[in-house]
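Morning, everyone. I have one structure to show you today. Please have a look at it first.

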Amino acid sequence: MKPTLKLLLFISLLALYSCIENTFMDDVPLDSFGNPTGLKYMDIKNAREGKAISSGVPSINTGGLTPMYEIVAGRKDDGTLLDESYMQYVSIAQFDTIVMRLDNSYNNKVDENGDTLRSVSALNTSNNGVISIADGNSFTVGDYYFSVKATTQHEGKVFSTTFDDVFHLNIEPLLASYLIYSPKNQNLVYGNTESKTSVPLLPSANADVTFELAANKEELVINPSTGVVSLSPDYVYSGYDTLFPVINVVNNISGELVSFSNSLIAIVTNQAEQMPVDTINFFYPTLKTSGSKPSGGDGFSVQVDIPGNGDDIWGEVDNSNGRYLETPSQRPEKNTAQTVLETQTFNSAGVTKPTQSWCVTSTQDLSAFQYGYDLSFNYYYNASFLRYMEDGRAPNDLEVYISTDYTGGDIQDGNGNWINGTWKKLNEQIACQIGAGVSSNGKPAGAPWGEPFIGTPYPGDNTGPDPEGRKVAGRNVYGKWVKCTYNISEYKTCKTFTVAFKVASYFEGELLNNSTIPGRGGVFFLSDFYYRAAEIAD
């Protein structure tokens, strides 16, 4: 901190300190104080069911003393007292104390006893008396009143007043944020009076609503109570038709209206047909980067705990073994800059030293797909040139982790200590397929893909001694692409979901890749990482 700023901060805090001392001066007559009066809160109107609520800071007369607050009771408009099912969500803030340590440059400052000031204290009353109601509360539509007790003290004398119904809260219905027809594409069969859509979902919203059509009124009708859509009796079929109705959801309590234009696709046919299922690849970064050891790229960042001695750490591919992956069919056409990332764990002499590095993909909010979708993340990887150590173990491998609370910063240090976030390793649970395809010049190309199995394959050709008991005979992945997917539907309410890839080493010293010290680490390639939301079909 600059000296000028430090001086200004000291003067400000010293002034606050002096004010506090003056507030509680011993020479103020006791009869100058009395019970608190005039507590006032601003009413809160149009708050929404279940949502977090905070009052403003109240005003009060205390004769200069700092009050403490307590919520005594809450009631409904009809006088019914609020029980714990309501009050567990309600709290009231108190003042706290700020303490600033002073450095040696302030040694000439002394307190009233002549002692050198080592710190300055001040009361922080910025939130004193603020009433908060937590998100997810059980307050329904209506008016609520809260009684608050304010207490002060001076020289052992306590002053208090209870202010009945001092805070008024008005709760309005929670309007619909989502209108979900599952599946989104629904078949309406002309001539079949029983052909109707499913009943839509209104997650979390107040259910006292009426449904209206705002478009396609000549072709469709909607049940105002249930939201079920069917063909209008006046509809005349002339061939396969696709309708995109706009649907209004009107709250019957407040009269407020929310329109939804992308919740339902009605496909009209003259006989029942199988409807397409909606699939969205909602995060498909190009992974574009530059250089051999970048700090990150499109959709990812890089963390290096142990650099090792390879030429590439999550850099742009330069080895030909990683250049010939057949373009996956789901790759977006706009991803013309799609990049394969490469991490090499040995040097030009074939010597391998321990390395540890992370490719941390961008954190995602999955909650937009929590209704009516299955979620997964997917990727392709290749471990080339890896040779086993003398005891038959692999020197290194690509590990995969997820976190639901990571918000940034280094994940681990070089000793394996976790620093930021709670992480779960997934390698034993990921569904995999090994690519049998070869390019025209003999390089691994991925497709066609073999039979799926669970658990990322043990790296290398899976032959020879197996001290870990992890090799599978015939599962040769030496230099081959592996297609991977993991279902994350159990996490689809998570707003901070992160996938990270770690190149990890399992040895000390160095490997020479010869008869004296056999073994060589791999070159790891990563491509086409993405998330998929697949609509759940009936």
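In what order do the three strands of the open sheet come? The order is S13-S17-S18, and the pairing is antiparallel. Keep in mind that this is a predicted model.

Why do we speak of pairing? Strands of a sheet pair through backbone hydrogen bonds, either parallel or antiparallel.

Let's look at one pair. Strand S17 covers residues 247-251. Four bridges join S17 to S18, and the two run antiparallel. Take Val249: its bridge partner in S18 is Val258.

Where is Gly308? It lies in the loop between strand S22 (300-306) and strand S23 (315-316). Is Gly308 buried, exposed or partly exposed? Its relative accessible area is 31%, so Gly308 counts as partly exposed.

What does Gly308 touch? Set aside the neighbours within four places in sequence. Gly308 is then in contact with Lys353, Pro354 and Thr355. Gly308 and Ser357 are 49 residues apart in sequence. In space, they are 9.3 Å apart, C-alpha to C-alpha.

Last, the whole chain. It is divided into domain 1 (34-94 + 129-172), domain 2 (185-276) and domain 3 (281-535). How many Å separate the centres of domain 1 and domain 3? The value is 54 Å, taken over C-alpha atoms.

That's my part. Thank you.

Notes. Residues numbered from 1 in each chain as written. Predicted model: local features only at pLDDT ≥ 70, side-chain atom pairs only at ≥ 80, totals over all residues. Heavy atoms only, no water. Pairing = 2+ DSSP bridges. Buried < 20%, exposed > 50% of the residue type's maximum accessible area, 1.4 Å probe, protein only. Contact = heavy atoms within 4.5 Å. Domains from an automatic or database assignment.
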